[in-house]
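Reader: I am new to this structure and would like to know what some of the labels rest on. Please show it to me before I ask.

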Amino acid sequence: MDKWEKRFMQLAETVATWSSCFKENRQVGAVVVKDKRIMTTGYNGAPQGITSCKERGECMREKLGIPSGTRHEICYAVHAEQNAIVQAARQGITIAGATLYCTHQPCVICAKIIINAGIVRVVYKQGYPDPFAIQLFSEAGTEVVRYADLEDAEDKTEDSSGRPFKRASAAGTVSTRKYRQSTQEK
């Protein structure tokens with residue numbers, strides 16, 4: 001794995017620790033990178049001036065019994081990917097052509113925003129139950145890479161018959177098409 005891939009994902013994980021989400025398993029961080037330069041970061045949390053769930057001491061979604069992956073609008077938090085893109089807009093930073101590193105696979109709402117922001121590649125660590133987001137990325141031509149596939153590509157140099165693997169790029173990235181195929185095989 002390219003050392004930069006690892007560094008940017010580690011930074012996304014650090015940024016995730018800044019999250020103001022009440023649920024421990026929902027600490028999400030995002031880093032937007034262009035030409036190996038960090039453009040912006042974002043984490044999931046309440047908008048400026050709004051009391052967060054962590055400060056309230058409860059998760060509104062949990063309290064209302066809203067299942068994960070549904071009704072995204074019923075939440076105090078702005079998603080990490082959205083915050084990273086908003087920060088770019090506020091600072092006048094162009095992120096078209098960039099890569100977004102995120103601790104979690106983006107939801108469909110974030111996918112739409114990522115596509116319209118011109119981000120061309122998304123690297124995520126943890127999955128999320130939103131196949132429609134992956135479909136939109138595929139249709140838009142946005143490359144989606146599961147971080148574990150980058151790690152696996154580093155460990156594997158040949159297939160089961162002993163032939164060397166051919167990689168899509170020096171970083172060992174996986175296209176959306178290959179992502180769908182690999183998840184269907186599992």
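Reader: Among contacts in the chain between residues at least 6 apart in sequence, what percentage join residues at least 24 apart?

Author: The model is a predicted one. In the chain, 57% of the contacts between residues at least 6 apart in sequence join residues at least 24 apart.

Reader: Which elements make up the secondary structure of the chain?

Author: Eight helices and five strands. Read from the N terminus, their order is α-β-β-α-α-α-β-α-β-α-β-α-α.

Reader: Why is T99 called buried?

Author: Buried means under 20% relative accessible area. T99 has a relative accessibility of 13%, so T99 counts as buried. T99 lies in strand β3, which covers residues 99–104.

Reader: With which residues is T99 in contact, leaving aside its neighbours within four places in sequence?

Author: T99 is in contact with V31, V32, V33, I119, R121 and V123. Contact here means heavy atoms within 4.5 Å.

Reader: What percentage of the residues of the chain count as buried?

Author: Of the 186 residues, 40% count as buried.

Reader: Is R7 buried, exposed or partly exposed, and how do you know that?

Author: The relative accessible area of R7 is 40%. R7 belongs to helix α1, residues 3–16.

Reader: What makes a patch of positive charge on the surface, and which residues gather there?

Author: Residues of a patch have over 30% relative accessible area and no salt bridge, and like charges are joined within 9 Å. K3, R7, K36 and R37 gather in such a patch of positive charge.

Conventions
Residues are numbered from 1 along each chain as its sequence is written. This is a predicted model: local features need pLDDT of at least 70, side-chain atom pairs count only at pLDDT 80 or more; totals for chains, interfaces and linings use all residues. Side-chain values use heavy atoms; hydrogens and water are left out. Patches are made of residues with over 30% relative accessible area and no salt bridge: like charges are joined within 9 Å, nonpolar side chains (Val, Leu, Ile, Met, Phe, Trp, Tyr) within 5 Å. Accessible areas come from the Shrake-Rupley method with a 1.4 Å probe; for residues, only the protein chains shown count as cover. A salt bridge is a side-chain nitrogen of Lys or Arg within 4 Å of a carboxyl oxygen of Asp or Glu. Lys and Arg count as positive and Asp and Glu as negative; His and the chain ends are not counted. The place of a charge is taken as NZ of Lys, CZ of Arg, CG of Asp or CD of Glu. Helices (H or I, at least four residues) and strands (E, at least two) are DSSP runs, numbered from the N terminus. Buried means under 20% relative accessible area, exposed over 50%, partly exposed in between (1.4 Å probe, protein chains only).
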